[in-house]
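Me: Could you take me through two residues of this chain and their surroundings, one step at a time?

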Amino acid sequence: DIEELIPETGWNLDTVVCLQPNNGSSVEVGSPIEEGGVLVGKSITTGPDSNVTCTFTNSQERGSIQVEKVVAGTDPAVRLDGASFALDGDSDPKTTDDQTPIPGVSDEDGLFCIDDLLFDDYFVVETQAPSGYRLVDEVKSVTVATESTCATRAADSVDATFTNIATPSIVTQASGPVTVGETITDTATLSNGYAPTGTITFKAYSDDTC
C-alpha cells in the first residue's frame, strides 16, 4: 500500500495514478484506498523486478469571505447598500495598489462576497461609505479556514459586520424679522446620526449685523 500523508490543512488529494511498464507501454495498476470515503492512496501488488511509478495530484481547498454593511444603532440591524469593500494586503485603506474589490451579492442589499480564496488570514477594508453616511469600522481581519463559495453561502452567513453612522444634519426655519416684544419662533432640528446630541444657540440682533 502507498498512501500520502498531507502535512498541511487546506489541501485535498484528488487522484493517484500508478503506472507499470508493459511491453513498451504503461498500464495503470492498483486499487484505490479510502478512509471515510476520502481517497488516501493505492494498494499495489508487485512482482520481482517490478517498476511502478505513482503520481499523486493535490489541490488546495478554497473558501470565501462574506461581509455585511449595517446602519449603526438599528435593532434588528438594517443592512445598507451603496458601500465599497476590498481585500487589502497591508490593512491600510489609504494604500490602494494592494486592494482587490469585493463585489456586492446579487439581489441582496448590504451584502458583499468574494470567493476562490486560499486558506489564510485576510484584511477587509471599507473603501467608501454610502452617501449620507460615514465610516465607523474601516478594517477587519478575517480567517478563511473552511471550504465555501459565494454561490452556496446563505445570506445570514457573515464573516464580518461593518457599521456606518448616518451623517447628522441640522434643518432650521427662521421666522424672519420681528419687533421688540414679539415671540421668536425660529426652530432647528438635529436629525440622522446615531443617537445625535448637541446644542443649538439662537441669538437676537436689533439690526442686520447677523
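Me: Is Gln66 buried or exposed?
Reply: Gln66 belongs to strand E7, which covers residues 62–71. Buried means under 20% relative accessible area. Because the relative accessibility of Gln66 is 1%, this residue counts as buried.

Me: Which backbone oxygen does the side chain of Gln66 reach at 2.7 Å?
Reply: Among the residues that Gln66 touches, leaving aside those up to four places away in sequence, are Ala154, Ser157 and Asp159. At 2.9 Å, the side chain of Gln66 reaches the backbone oxygen of Ala154. The backbone oxygen that the Gln66 side chain reaches at 2.7 Å is that of Ser157.

Me: Is Asp159 buried, partly exposed or exposed?
Reply: Asp159 is placed in the loop that runs between strand E13 (139–144) and strand E14 (160–166). Buried is under 20% and exposed is over 50%, with partly exposed in between. Since Asp159 has a relative accessibility of 35%, it counts as partly exposed.

Me: With which side chain does the side chain of Asp159 make a polar contact at 2.9 Å?
Reply: When residues up to four places away in sequence are not counted, Asp159 touches Ser64, Ile65, Gln66, Val142 and Arg153. The side chain of Asp159 makes a polar contact, at 2.9 Å, with that of Arg153.

Me: What separates the C-alpha atoms of Asp159 and Asn22?
Reply: Along the chain, Asp159 and Asn22 are 137 residues apart. In the predicted model, the separation between their C-alpha atoms is 54 Å.

Methods. Residues are numbered from 1 along each chain as its sequence is written. This is a predicted model: local features need pLDDT of at least 70, side-chain atom pairs count only at pLDDT 80 or more; totals for chains, interfaces and linings use all residues. Side-chain values use heavy atoms; hydrogens and water are left out. Helices (H or I, at least four residues) and strands (E, at least two) are DSSP runs, numbered from the N terminus. Buried means under 20% relative accessible area, exposed over 50%, partly exposed in between (1.4 Å probe, protein chains only). A polar contact is a pair of N or O atoms within 3.5 Å; within protein, one must be able to donate a hydrogen and the other to accept it, and residues adjacent in sequence count only if both atoms are side-chain atoms. Contact means heavy atoms within 4.5 Å.
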